[in-house]
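Thanks for coming. Please have a look at the sequence and the structure, and then I will go through a few points.

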Amino acid sequence: MICPNCNKIIAEGSETCPFCKAQLTAAPAPVQGAAAPGAAQMPYAPYPPPPLTPEQKYQTLGGLLQFLVVVWKFVLPILSGLLLLYALVVSFSGILNPESISWEGIKPLLSTDITILLLAANAVLYCITAIKIERRKASFLAFWQLSVIVLSALETGATLMFSGGLFAALELGTNVVLFFIWNLYFTKSVRVRIYMGSDAYLRTSILNKKTPAPAPERPKSEKTKVILLVAALLLVYFVLAGCSVNFTFKENAPSLKDAIEARGQETTYTDETAGVSFTIPKGFEENKDLETEEIPLALECPHSNFEVVEYASFDLLKDVSEEEKQHINRKEINNAAFTRQEIQEQVVEDFAAASGVSDLKTTVERIGDYEYYVVSLKQTDQAGNSAECINYVHYYNGYQLLFHYETGFTQVSLDSVKEMISTVTIEGEAPLPAQE
């Protein structure tokens, strides 16, 4: 053998070099059955790497937390930008004369704009939350909680104003369930705690200052699983209920254009045969179901769909014989030739015969430029339902002009009906002298 220290040949198995006195270790004796030197060696099976601990796995952004960051930072801003662009196009294309816009007409458009603005605010605040999470800012949870609470209150208030209590309740319920789910995730997730580096975000939050930090070894308890399941079911319920009510509302609601045309503008009605025209004020809506050959115009009052005003004009000379027609000139008929008492008695007699009611209240009232006989009565149908009616009657040139208003008798609706009657103009009949 060769001494590894002085490189001189020495006896095999020497423990000490006789030349340099270096201490040597004897080579181990070959084991019986061992492979000869130079024989092929079988590779050892590699050991599997040890599993990563939660501290190792959750150091980087990943899982549901990464999904939220992507959605809040990119998806929501893009969707909100597209909706805002759409809202601007609709608003510019729907510019109307401000004087012709009523609350009922503008409400759907205003509701859409406010909804989109609130969604844009959501997108901005959630984007800031995502950036705070990426930068491991402990203030992210408090910022997110405050944003959700404030925006949920604004959204619920807007929904209550524009869509009513049912939609507002669904809106509030959905927001509460979503808030509960995400807040539970942020406070119970091991990934969140490890990724943020500590539980400082819990200490600085609004609602979770005393919440214990989640431990890596602690599995989800049965109680937590039940709570998560109930929250998921509640969320599904509120979403489905909201979609159902929303679809039903859209099916039955008139379009914005129809609403503006029906309720947002004054229109002029003209009865060319009788020579009568008048203005239908804002808010009245035509009811085609009530119109007949004798009643050419039926309107629902703006304050209640159960209050209706009908217009009709009757030619009192249509039954006159041909011989009598030769001696009658309609334009020369002078209704003033009859005393007021005689005409009033005739009105009472006509309505008593038509309604079968003898207890009628009759007065004379000037509305606008003309004088009307006002007949008030109560009617009861076969089902026992009673309805109050007021009839405004005016005679001129052989015509009987009638405005028939029934049920409700709210002062606001009655004033609206009188406002419409006050705009009546009659061709060929001079208005009464101006009142002092």
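Of the contacts in the protein with a separation of 6 or more, 55% are between residues 24 or more positions apart; contact means heavy atoms within 4.5 Å. This is a predicted model, where local features need pLDDT of at least 70, side-chain atom pairs count only at pLDDT 80 or more, and totals for chains, interfaces and linings use all residues. Residues are numbered from 1 along each chain as its sequence is written, and side-chain values use heavy atoms, with hydrogens and water left out.

The protein has 436 residues, and 34% of them are buried, that is, under 20% relative accessible area with a 1.4 Å probe, counting protein chains only.

The protein contains twelve helices and ten strands. These are DSSP runs, numbered from the N terminus: helices are H or I with at least four residues, strands are E with at least two.

Take helix 4, residues 140-163. Its 24 residues reach 33 Å from first C-alpha to last, close to the expected 34 Å; the expected span is 1.5 Å times one less than the number of residues. After helix 4 comes Gly164, with a positive phi near 100°.

Which strands form it, and in what order? Three strands make an open antiparallel sheet, in the order 1-2-10. Strand 1 (267-271) and strand 10 (425-426) are the edges, each pairing on one side only. Two strands pair if DSSP finds at least two bridges between them. Strand 1 and strand 2 (276-280) have five, in the antiparallel sense. In strand 2, Val276 is the bridge partner of Asp271.

Terms used. Buried < 20%, exposed > 50% of the residue type's maximum accessible area, 1.4 Å probe, protein only.
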